[in-house]
Amino acid sequence: MDTAISDRAYVLSDPNGGAGLGVLDRLGREIVSGTFPPETRLPDEASMLKRYAVSRTALREAYSKLSAKGMIVARPKVGTSVRPPAFWNMLDPEVLGWHLQTKSPNEIAMDLYALRRMVEPPAAALAAKIRSEDELAKIESAYRDMAVKAHDEAELVQADLRFHLEILFATHNHFIGAFSALIHAAMISTFRLSWRGAAVAVIKQARLEQHGDVLDAISRQEPELARQRMEVLLDDSIRDVDEALGTR
């Protein structure tokens with residue numbers, strides 16, 4: 001794995017983890033999975049203490065954190081209820097992690113690509129306009145690694161992630177950088193699906209060339225062309241995800 005990834009200090013729970021989960025993680029997963037549906041009250045405190053075999057202090061601390069994440073709300077004389085998903089902080093690392101652990105790959109992939117479609121084409125255009133030579137070199141390095149490591153799925157996915165993140169970082173927008181760090185694990189998951197869907201050699205080569213086309217537009221500092229090429233790349237990539245999910 002390239003040190004550029006670890007240097008960004010991405011922090012997100014392991015979507016494959018599960019052993020030794022605390023009450024916060026267990027309850028968070030159960031809310032996301034629908035064990036406790038939106039707009040329903042959670043069981044009374046005594047029942048929850050028995051369910052999770054924890055102290056009252058631990059349960060209340062979990063409730064406090066879930067409330068801060070927008071997932072539950074406590075009302076006097078009513079009790080604690082699960083809030084509708086529209087109120088959940090999906091960019092919170094734990095909330096996103098619980099979705100990755102409990103939701104279908106298709107649901108996560110489609111939602112993430114819709115978000116990326118809104119963010120990445122304009123980001124590519126901005127990067128083409130204001131990127132530095134050092135930032136361009138990092139994008140080029142990621143692209144070269146993609147080409148060299150095309151036959152190693154894990155290495156290819158990491159290089160692909162670097163390619164897209166370096167474009168985001170080249171916008172000089174600190175909020176975009178924070179956004180990319182938070183959705184790091186979700187992007188890894190969907191990139192893996194995308195490349196599996198593009199497993200046919202000619203399709204994989206076409207996707208590599210599309211990444212090269214985006215790089216070329218950024219290198220030539222042509223914002224509108226960078227925007228258009230990123231749109232095409234993302235639209236074709238989501239079709240690859242559909243192909244991967246359809247053949248499972």
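# A buried histidine and its surroundings

His164 has a relative accessible area of 2%, under the 20% cut-off, so this residue counts as buried. What you are looking at is a predicted model, and the mean pLDDT of its protein chain is 84.

**Confidence**
- In the chain, 84% of the residues reach a pLDDT of 70 or more.
- Residues 1–20 have a pLDDT below 50, and this stretch makes 33 contacts in the model beyond near neighbours in sequence.

**His164 and its neighbours**
- You can find His164 in helix α8, which covers residues 153–169.
- The side chain of His164 is joined to the side chain of His211 by a polar contact of 3.3 Å.
- Setting aside residues up to four places away in sequence, His164 touches Arg116, Glu120, Met187, Phe191, His211, Met230 and Leu233.

**The largest cavity**
- Two cavities of 30 Å³ or more turn up when the whole structure is searched, and the largest of them holds about 70 Å³ of space.
- His164 and His211 both belong to the lining of the largest cavity, and among the other lining residues are Tyr113, Asp160, Trp195, Arg207 and Ser237.
- Which helices each supply at least two residues of this lining? They are α6 (105–130), α8 (153–169), α10 (184–197), α11 (201–219) and α12 (223–246).
- Helix α10 gives the largest share of the lining, with three residues.
- Sorted by class, the lining of the largest cavity consists of four nonpolar, four polar and three charged residues.

- Helix α5 spans residues 93–102 and is mostly covered, with seven of its ten residues buried.
- The buried residues in α5 are Val95, Leu96, Gly97, Trp98, His99, Leu100 and Gln101.

- Leu49 sits in helix α3, which runs over residues 45–52.
- Is Leu49 buried or exposed? Leu49 is buried, because its relative accessible area is 16%, under the 20% cut-off.
- Apart from neighbours within four places in sequence, Leu49 is in contact with Val54, Ser55, Arg56 and Leu59.
- Between the C-alpha atoms of Leu49 and Arg60, eleven residues apart along the chain, the separation is 10.0 Å.
- Ile130 belongs to helix α6 and is partly exposed, with a relative accessible area of 32%.
- Not counting residues up to four places away in sequence, Ile130 touches Glu135, Ala170, Thr171 and His172.

**Loop residues with positive phi**
- Most residues other than glycine have a negative phi.
- Lys77 has a phi near 65°, a positive value in a residue other than glycine.
- Where is Lys77 placed? Lys77 is in the loop between β1 (72–75) and β2 (79–82).
- With a relative accessibility of 92%, over the 50% cut-off, Lys77 therefore counts as exposed.
- Gln221 also has a positive phi, near 55°, and this residue is in the loop between α11 and α12.
- The relative accessible area of Gln221 is 41%, so Gln221 counts as partly exposed.

Notes
Residues numbered from 1 in each chain as written. Predicted model: local features only at pLDDT ≥ 70, side-chain atom pairs only at ≥ 80, totals over all residues. Heavy atoms only, no water. pLDDT = per-residue confidence, 0-100. Contact = heavy atoms within 4.5 Å. Buried < 20%, exposed > 50% of the residue type's maximum accessible area, 1.4 Å probe, protein only. Helix = DSSP H or I, 4+ residues; strand = E, 2+ residues; numbered from the N terminus. 1 Å grid on protein atoms, 1.4 Å probe; cavity = no way out; pocket = protein on both sides within 12 Å on 5 of 7 lines; lining within 4 Å. Points joined across faces, edges and corners; volume = space filled by probe spheres on them. Nonpolar A, V, L, I, M, F, W, Y, C, P; charged D, E, K, R; others polar. Polar contact = N/O pair within 3.5 Å; in protein donor to acceptor, adjacent residues only side chain to side chain.
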